[in-house]
Structures are given as structure tokens and as C-alpha cells.
Amino acid sequence: MSLPEGTRIPQHIAVIMDGNGRWASQRGLPRLEGHRAGTENIRAIVSEASRLGVRYLTRYAFSTENWNRPSFEVQGLMQILSDFIDRETQNLHAQQVRLRHIGRLAGLNPLLAHKVEQAVALTQANSGLTLAIAFNYGGRADIVDAVRQIVAAGVDASQIDEQMISSYLSTSGMPDPDMVIRTSGERRLSNFLIWQAAYSEYWFTPIFWPDF
């Protein structure tokens, strides 16, 4: 699909991939099947974003609040991420996609955390689109972690400004998102990039993520 002449392509698009569970329920499927279907959709989105010239794509995969979900669903989401890394890393690497994790690795299964680190290390020198996976991520936790690091570094309070705080966030080195998209019809950020998205455009769609 070609775009109209003069169309401005966002440099960074962030996506809250919502509605997987409801998508599955509408089809009489377990909620985890919706999450699996949502993961399958990522491949097409990454390909199209790369084609259009988007440089950064951040997807909200698992929030710090998601630990409050039923344990079987949490474990299922962990397995889905593990399967995604196993299945897609080499393909993304071949497309010059650079993987990045934002959020806390602490609290994840050590094997899964190691897989994430390996995928990030493998693709770190790639020159294509950066796909940032926000897993075990929360905007408030991100800011708290940044402040703790600044204090630990012994920075004088008079030297702390917005630029310094941004440099300590897990998105350091990435531009702030130009656009935040949330699927499923919900109209809230749910603790996603609350510092970085202060001046972003927001677009909410009723379409569930697997169909987006």
C-alpha cells in the first residue's frame, strides 16, 4: 500500500496490545489462545512498520500489574514470550531488527531472563527497526528505578533535570513515542510510558489486537 505524498511517518510508535482475552472469549477459546494469536500478529506489524520507515516500535507485552492475574495465566504469558523468542529471534535478526527489552528482568524465571538477554545481545548491532518489548514493565516503576540509579550515582540534586531522568529510564537512547496506539476500545495508558508519552499523539481503536 502506498501512502499519500507528504505523509509524515512517525519515528517511534508505541502500542498497548489490548483485547487478546476478549478476542478469545468471543470465539469460545481460552484466554491464552488470544495471547498466542496476538503474538502471531507482531510479525506482520513489524514487517509493515519497517517497510513504512518507522524506526522504533514498542509493544506493551506484560505490565508490573499483570502479576496480579491468575497464576496459570501469568505462567502462560511467560511461556508465550519464551516461545516467541525461540521462534522469531533468528527471523528478526535476518531482517536487521534490533530487539530491546524495557522493564525489569528481576522476577522473571532465570532461564527466560537469559533468553531475553541473549536475543538482545544477538541483535544489538542491527541497523533496522528497533523492536522494544515492554515486559514486566510499569511507567511508575521505570521512574522509581531511574531515581534510585541517580541517587546511587551520587548526583547532586541541583544537577537533576528532565534530560538526566530520561537518560536513566529503560528507554534511554530511544526517542519519545510520536504516537501511542491502544487496541480494544479502552482509553487509558495503564502505566505505559507515562514519562515518555507526555507529548505523544494518542489513537484508540475498538479493534482487538489479534485483528489489528
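Salt bridges come to 15 in a search of the whole structure. By salt bridge I mean a side-chain nitrogen of Lys or Arg within 4 Å of a carboxyl oxygen of Asp or Glu. The general idea is simple: side chains of opposite charge can pair when their charged atoms come close.

A word on the basis. This is a predicted model, where local features need pLDDT of at least 70, side-chain atom pairs count only at pLDDT 80 or more, and totals for chains, interfaces and linings use all residues. Residues are numbered from 1 along each chain as its sequence is written, and side-chain values use heavy atoms, with hydrogens and water left out.

Take Glu 40 and Arg 43. They form a salt bridge, with the closest N and O atoms 3.4 Å apart. Both are in helix α2, residues 31-52, and because they are three residues apart there, about one helical turn separates them. Helices here are DSSP runs of H or I, at least four residues; strands are runs of E, at least two; both are numbered from the N terminus. Glu 40 is partly exposed at 38% relative accessibility, and Arg 43 is partly exposed at 37%. The cut-offs: buried is under 20% relative accessible area, exposed is over 50%, and partly exposed is in between, with a 1.4 Å probe and protein chains only.

Next, Arg 104 with Asp 145. Their closest N and O atoms are 2.8 Å apart, in another salt bridge. This pair links distant parts of the chain, 41 residues apart: Arg 104 sits in the loop between β3 (98-102) and α4 (110-123), and Asp 145 in helix α5, residues 139-152. Arg 104 has a relative accessible area of 31%, so it is partly exposed. Asp 145 is partly exposed too, at 21%.

Arg 22 is in helix α1, residues 20-26, and is partly exposed at 33%. Leaving aside neighbours within four places in sequence, Arg 22 contacts Ser 184, Glu 186 and Phe 208. Contact means heavy atoms within 4.5 Å.

Back to α2 for Asn 41. Is Asn 41 buried or exposed? Asn 41 is buried, at 11% relative accessibility. A polar atom of its side chain lies 3.1 Å from the backbone oxygen of Phe 212. Beyond four places in sequence, Asn 41 is in contact with Trp 209, Pro 210 and Phe 212.

Now the cores. A nonpolar core is a set of buried Ala, Val, Leu, Ile, Met, Phe, Trp, Tyr and Cys residues joined through side-chain atoms within 4.5 Å. The largest one has 30 residues, and among those with the most contacts inside it are Val 46, Leu 92 and Leu 131. At least two residues come from each of β1 (12-16), α2, β2 (56-63), α3 (71-94), α4 and β4 (130-137). The largest share is from α3, with seven residues. Leu 131, not counting residues up to four places away, touches residues including Val 46, Leu 57, Leu 92 and Arg 100. A second, separate core has 10 residues, including Ala 14, Ile 16, Val 180 and Leu 193.

Last, α5. Its buried residues are Gly 139, Ala 141, Asp 142, Ala 146 and Ile 150. The cover over them includes β4 and α6 (162-168). Just after α5, Gly 154 takes a positive phi of about 75°.

That's it. Thanks.

Terms used
Polar contact = N/O pair within 3.5 Å; in protein donor to acceptor, adjacent residues only side chain to side chain.
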